[in-house]
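Dear colleague,

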Amino acid sequence: MNEVDVWTEKYRPSKFEDVVGQQEILKRVKSMVLSMNIPHFLFAGPAGTGKSTLALIIVKELFGDKWKDNYLELNASDERGIDVVRQKVKDFARTKAIEKIPFKVIFLDEADALTREAQQALRRTMENYTSTCRFIMSCNYSSQIIDPIQSRCVVFRFKLLEKKDIIQVIKKIAEREKLSMKEDSFEALYEASEGDCRRAINLLQATASISPDISAEMINMIVSYSRPKDIKVVLDYALAGDFINAREKLLDVMLKESISGVDIIKAIQKEIWNLQIEPEIKVRLTEKTGETEFRMIEGSDEFVQLQALLASFVLAGQGKAN
Amino acid sequence: MKEESLNFVEKYRPDSFSGIIGQEEAIKSIRVFLDEFPKKKAMLLHGPAGTGKTSMVLAAAKEKDCEVLELNSSDFRNRAKLESILKPATLQQSLFKKGKILLMDEVDGVTGTDIGGIPELVRIISETKYPIIMTCNDAWQSKMAPVRAKSKVIEIKQISIGDIVSILSRISEAESLNKEPLFLKQIAIKSQGDLRAAINDLQSYASGEASVVDSSEKRDVEQNIFVILRRLFKERAPFLDILDTTSISLDEILLWLEENIPKEYKNEALAKAYYALGNADVFRGRIYRKQSWRFLVYQNIFQSAGISLAKNESLSGFTKYERPKRILRIWINNQKIEKKKTISKKFASYVHCSTKRAMRDFELLKYILRKDEVQKKLRMSEEEIEYVREK
């Protein structure tokens, strides 16, 4: 068999038993899958916590070797329009399954990126083709999924992976790849991963591509190379009162490195506490930052909201808060 | 046709470039465009109403001894129509004159009902054997983008009050109206740079004895974006309906405000203004997601009164406002990161994640993407391999 060289794939669990974390969810899903009949699922939770993995395990358990013929995976954040639902989903949903199991499975990853029109269209499709098709949807925020869809699904909420889970995964891979891991490297990987298993594994592989001797120092070096490093520069401009350059730089960072507004916000939120300003103002800025993140999740224009936040930093630079 | 039956606007329409005042730059560009044709096949003149766009095209035709074929917004301009009328004209020779100029007046009036109008226009531009000149008020609407890309774009500036006065006094003399300079100046001011409106006003006062212009009966002109920005930024007032005086969409105005707030406001005013803009944006999001069109009221107020009242007092001085650059920069950037995108797409479908996610993690993934086996597996092209190596 062709050995896969991307570790997130190579070590993706393909059986329920191999999955770490989310034990409650696993138990319930497994019992439904064993009955050879599943409802529609909605998996909600942060990135890298096992949503796609579980979806893949479900179809592999249901269909065995033939899983690829009975499974359609669509990523809604790449194809978010109503046309996708009307064409791809419908075309796949309406053809009958030919296996023992009378339905096929569509996995709609990042379904919260679907437009509302697309979700409305999906709702009918889910009903009309229940006899031939099951949906598994994943999302980061279930609030972005319209109620009628939520009510048609069994909803599972995935939690961030715990430290011990991530370390367990890392240990197993390190063993198989014959890496020598310094003790501090596990901690560093977990810190950098923020509970996102995919990120932890990618980071491990990136670091290992340089040397098989893994240490916290090396991990942090790779992290700092791959982090949006210019956030500090953006904030420094703003604090110095130079709004125009701060904004210029911000847009630059977001575009060149294709970083989403939410990732920028996360970086800003961390950076606040390293700035040379009064602690009370830091608290106020944190509040502003939180509000900005909330607004983004609610679906506002990221760049408009970030500019409003930058303007608050301009004031903070003068020792004021708004 | 008897001279008296002509209205002043037509009667005094300049028939050569020399009669057009205050537009030297634009005239130069038109000459260059016609001389260099077919280097660029089409030209888009944009600017406020009554600044002489159509006159310039007619004058240009005369200077070059060309026939003018005009299609304006009173004509249907859907795809079929354009194909049956405009297209043959772009391919046939003129019968009597040396050349031919095709004038598409008011192209921004090609509306939703003119289905396929803009794409057909773009097609015609690429095939035409004769220069096409288009005019419009607002070249920056998104629907104009494809036309913009194919054309030389020239902005026609508003005519200054001084120039309008001198034109009015020339007409007044020629018509023996004996109007006072002050009276003419009032008309000019009231016109807000719309020469056609000023001449029409002059004619309406021609017969009477009136010597005072009621400036309160301001012409209901469409406010252009610069006027709106100036008023919102300079004046401090609870503007509530200023955004209703324009056909520019709220969303587009929001982009203009976003670009220009820091040119006017500093510190507290800056923060307050962006806060208001942020609120407008939140409501805009709700409108789109929940189709709650009533929320337009809130979006409107936050991005008018909210912006104006962000400062403590009115501002003075001249500020040069700039076009929203963000959308353009996003577009340019998208061209640049095309390779990153195609690589991410291949990787994403392989590891069951979204292209977006892969792009976000690209800095990390490039270490993995440099491995031969991975490159082979993903069937990466030479250029793509080059790209990850360089990065």
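**A helix over the sheet of chain B**

Helix α3 (residues 53-63) of chain B lies across β1 (42-46), β2, β3 and β4 (132-136) of chain B, and runs at about 170° to β3(B); here helices (H or I, at least four residues) and strands (E, at least two) are DSSP runs, numbered from the N terminus, and axes are lines fitted to C-alpha atoms, for helices over the stretch in contact, with angles from 0 to 180 degrees between N-to-C directions. This is a predicted model, in which local features need pLDDT of at least 70 and side-chain atom pairs count only at pLDDT 80 or more, while totals for chains, interfaces and linings use all residues. Residues are numbered from 1 along each chain as its sequence is written, and chains are lettered from A and ligands numbered from 1 in the order in which they are written.

An open sheet of 5 strands in chain B has the order β2-β3-β4-β1-β5, with parallel pairing, where two strands pair if DSSP finds at least two bridges between them. Its edge strands, each pairing on one side only, are β2 (66-71) and β5 (151-155) of chain B. β2(B) pairs in the parallel sense with β3 (residues 99-104) of chain B over 6 bridges, and B:L103 in β3(B) is the bridge partner of B:E70.

Turning to the contact between the chains, 38 residues come from chain B and 45 residues from chain A, two residues being in contact if their C-beta atoms, placed from the backbone, lie within 7 Å. On the side of chain B that touches chain A, the largest share, 12 residues, comes from α12(B).

With best wishes
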